[in-house]
Amino acid sequence: MLGRSDGTVGASPQAQSSPSAADVRAQLDRLLASPDLDAPARARKFLRYVVEETLAGRAERIKAYAIGTEVFERSSDFDAQNDPAVRIEAGRLRRALERYYLSDGLSDPVVITIPKGAYVPHFAWHTPQATEPHPAPTAVSPRSPVDSPPRHWIPWRVAIPVVVALLAFIGGLILSGLWRDGASRTPEASVPLPPGGPTLVVMPFTALGEPSAGRTYADGLTEELLSQFARFKEITLLGRETSRSIPPGADAAHIRRDLGVRYVLEGSVQAAEHRLRITGRLLDAQTGAVLWSQTYDEDLQVRDLFTIQDDVARKVATAVAQPYGIIQRADQVRARAPDDIEAYGCTLRFYDYRAALSEESHAAIRTCLEQAVALHPDYATAWAMLSVLYLDEDRFGFNPRAGSSTPIQRSLEAARRAIRLDPENVRSLQALMMALFFAQQPAEALEVGERAVALNPNDTELLGEFGTRLGQAGAWQRGAELLEQALARNPGHSGYYSGTLAVYAYMQHDYARAESLIRQAALEKFPLYHFVAAVIYAQLGKAPEAAEARDAFLRMRPTIFERWDDEMAKRNYRPEDAAHFAEGARKAGFPVPARTAAETALQAASHQR
């Protein structure tokens with residue numbers, strides 16, 4: 001992209017030596033002063049820190065812990081292994097630098113990069129890629145292996161992303177000018193979605209109160225909001241160049257007419273001494289109606305500015321863009337009749353299915369999403385949701401299909417296709433995590449889950465699912481913490497979270513709390529709800545309630561006990577947890593085998609000790 005790996009091959013004599021410290025500092029100042037470096041204030045501070053430390057000969061000190069404590073002002077107990085803040089900011093900064101050097105920085109003399117795998121920057125002279133002659137067309141035999149591309153194809157594979165990025169940049173410049181010349185307008189979007197998906201523009205927040213401080217705070221918050229919203233792949237987010245090109249005072253109808261957006265987020269930051277008041281509002285661009293409004297009061301003597309910006313931006317993004325948030329609820333009102341097969345309508349109905357977990361809705365949504373991906377084969381989110389529905393054929397016994405491939409195989413294939421289409425789509429990562437987990441690859445599954453949570457820790461659908469998988473793999477405490485977070489942020493989806501927390505309480509032998517939680521779950525159409533309720537009531541000695549729940553479950557899943565050991569194994573329960581379930585199931589009157597595989601394993605382990 002920027003020449004050879006060291007930036008010197010084929011360069012001028014000047015470029016055969018590394019840039020001096022003065023050259024690097026001049027380039028750093030140029031970067032930090034450029035509005036085209038799409039990085040928030042914290043990322044810019046990160047960049048200055050790592051460059052100055054390297055120039056001072058202290059590159060060996062540039063570790064995640066040092067950055068977390070010295071740049072992000074975290075306390076001395078900062079845990080860089082479990083807190084991904086530094087990794088996320090480093091990734092954001094790498095992408096911002098790549099985009100900068102493909103646009104405004106094309107003619108800059110020095111290139112500053114942060115190679116993956118570390119935080120130490122690399123400095124090189126900017127040397128253009130040597131031009132190569134166009135390769136002659138190469139005939140490809142139909143028998144050529146698909147994983148062996150023609151030799152001359154590789155330079156084009158490198159060049160295509162550069163051309164695409166340049167075209168996107170030019171498109172952004174053209175779009176910014178459309179506000180001034182009144183030509184036909186096309187919105188700039190971060191990820192294209194099929195027709196019908198929600199489009200959001202984040203307006204620059206207004207500064208009130210102390211002018212200089214308020215403007216700084218407002219700009220920083222706007223940048224952090226753009227970063228947080230970009231993590232939600234079910235919405236299309238217009239870029240910062242677009243939002244900054246909108247004339248001050250433009251009303252929602254004007255914005256909708258010129259950009260075609262459906263939602264507008266606006267707000268203000270008021271600074272007075274050490275106090276901040278931040279107000280955010282989400283508008284329906286078609287009607288101008290305020291769909292959501294919230295005020296956040298903060299004290300700069302209690303928390304630092306970067307922490308406040310991160311926290312408020314996360315809260316706003318969670319409230320507005322999460323799968324059960326304001327935009328989704330507003331779009332449900334817009335959605336047409338239940339038998340509509342329009343792609344985005346299918347994704348909305350998927351969340352309805354996830355909230356209720358009923359076999360009837362499963363079949364309809366599966367058909368709807370299959371038709372959606374047939375119409376829009378590049379729609380990563382729809383493939384991810386379809387992966388979950390295929391998985392539910394196996395784990396819940398919902399509408400299983402006969403065929404040469406198993407439901408889990410189809411689930412894995414759909415999830416991997418979603419990842420290929422959009423590697424940073426959190427719904428795609430969630431689907432792959434789930435499919436791998438039920439394919440009995442829990443370590444790989446939880447690794448994918450960690451990546452997804454690092455990308456978007458505000459997504460309550462993801463937090464709930466990842467928390468559940470952690471618990472089943474034995475990390476009940478951390479799993480419960482994530483579920484509690486999801487429940488606190490999204491009480492509207494409380495049935496699923498409460499049901500899983502009831503399992504956690506059961507495994508801790510806290511049967512009274514388990515009973516309270518399972519009564520809150522209210523998932524009567526979901527078979528496993530009745531199984532969990534039955535074992536809890538049985539442990540409490542409540543025979544009538546246990547019998548009622550047992551009979552309801554057996555009506556829905558009468559054959560599951562014929563493969564009890566397989567069902568426990570595919571959920572990756574530890575032997576002690578699976579044995580605990582078997583104990584409760586026997587008390588409830590379920591036909592559990594006299595000796596389960598988990599109980600046999602525990603007995604063998606005790607004999608070895």
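Which residues in α15 meet which residues in α17? Before I answer, please keep in mind that this is a predicted model, in which local features need pLDDT of at least 70 and side-chain atom pairs count only at pLDDT 80 or more, while totals for chains, interfaces and linings use all residues. Residues are numbered from 1 along each chain as its sequence is written, and side-chain values use heavy atoms, with hydrogens and water left out.

From α15, Val 426, Arg 427, Gln 430, Met 433, Met 434, Phe 437 and Phe 438 meet Glu 461, Leu 462, Glu 465, Phe 466, Arg 469 and Gln 472 of α17, where contact means heavy atoms within 4.5 Å. Helix α15 (residues 426-438) and helix α17 (residues 460-472) pack at an angle of about 20°, their axes 10 Å apart; these axes are lines fitted to C-alpha atoms over the stretch in contact, with angles running from 0 to 180 degrees between N-to-C directions. The two helices, which are DSSP runs (H or I, at least four residues) numbered from the N terminus, are therefore roughly parallel to each other, a label for angles under 35 degrees.

Let me turn to the disulfide. A search of the whole structure finds 1 disulfide, defined as a pair of cysteine sulfur atoms within 2.5 Å, and this one joins Cys 346 to Cys 368 with an S to S distance of 1.9 Å. The pair links distant parts of the chain, 22 residues apart, with Cys 346 in helix α11 and Cys 368 in helix α12. The torsion about the S-S bond is about -75°, so the disulfide is left-handed. Cys 346 is buried at a relative accessible area of 0%, and Cys 368 also counts as buried, at 3%, the cut-off being under 20% relative accessible area with a 1.4 Å probe and protein chains only.

Note on methods
Buried < 20%, exposed > 50% of the residue type's maximum accessible area, 1.4 Å probe, protein only. Parallel < 35°, antiparallel > 145°, perpendicular 65-115°, else oblique.
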